[in-house]
Amino acid sequence: MSSLEARIGRHRQRYENNLRLVSGCIPYRLSKEEKDHSEKENCIEVLMVSSPNRDDLVFPKGGWEDDETVLEAASREALEEAGVKGTLNENLLGIWEFRSKSKQDICSLKGGCKGYMFALEVTEELETWPEQNNRYRKWLKIEDAFRLCRYEWMRMALKEFLRVMAEEEKSPSTPVPGVVADCQIMTSKCKAVPDVVADCQIMTSNCCAKPTNGQHHCMSPISPYPLGICLSRGCL
């Protein structure tokens, strides 16, 4: 059994505009078999975890609490849910709004969440971790991750992750430390919400993304729920 303990309860969790702030990440590594592959997408494996009492897969995510930064929350969730440590890219992949599946009253904002997602390069895999009795973890090729991922908003995060990885391969740059040292500043700019470890389901009438390249991409409705999922960039 792990000597670490997962945080429980929501008494420290952040909320904003009736939305629960959530932080998560996409843990990744280079495939041992294909490190010399010409296309980076085919070299990358991502780590996903099961939801409690379910077999479909998600990326580690959970409540952003009031005694930690959004980066610390993402790293903590990776450790608690997937049992991994690593280097967290401080550049935000994006922000998505969604509704907890257990709170599906479309006439209210109850259960609404806002998730901040990052990329985590895994450097250490623990043999035991806090939530291993409730979740299993699995390394997947990108194609399989898209197929097995439970939520559409997480697939959108995975697409953004691939775009960022492709850009970094073309023009590698040194990350600037401390970009997110002040998460409260980011909160005022970007509106956030804590954990949504519970089952979540997208709620949207339209979905619009605003990537860093400045182009807008809008998609058709993907769910009957009224709250739109919006990906915003440039918050950090």
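How many aromatic pairs does the count come to?

Modeller: The model is a predicted one, and in it the count comes to 4 aromatic pairs. One of these pairs is formed by Trp 64 and Tyr 116, whose ring centres are 5.7 Å apart and whose planes stand at 80°; since planes over 60 degrees apart count as edge-to-face, the pair is therefore edge-to-face. Distant parts of the chain are linked by this pair, for Trp 64 lies in the loop between β5 (61-63) and α2 (70-82), whereas Tyr 116 belongs to strand β8 (residues 112-125). The two residues are 52 residues apart. Both Trp 64 and Tyr 116 are buried.

Phe 98 and Trp 153 have ring centres 4.3 Å apart and planes at 10°, so this pair is stacked, the cut-off for stacking being planes under 30 degrees apart. This pair, too, links distant parts of the chain: Phe 98 is in strand β7 (residues 94-100) and Trp 153 is in helix α4 (residues 152-170), 55 residues apart. Phe 98 has a relative accessibility of 0% and therefore counts as buried. Trp 153 is likewise buried, with a relative accessible area of 0%. Phe 98 and Trp 153 also belong to one aromatic cluster, which they form together with Trp 96.

Definitions and conventions
Residues numbered from 1 in each chain as written. Predicted model: local features only at pLDDT ≥ 70, side-chain atom pairs only at ≥ 80, totals over all residues. Heavy atoms only, no water. Phe/Tyr/Trp six-rings, centres within 6.5 Å; stacked < 30°, edge-to-face > 60°. Helix = DSSP H or I, 4+ residues; strand = E, 2+ residues; numbered from the N terminus. Buried < 20%, exposed > 50% of the residue type's maximum accessible area, 1.4 Å probe, protein only.
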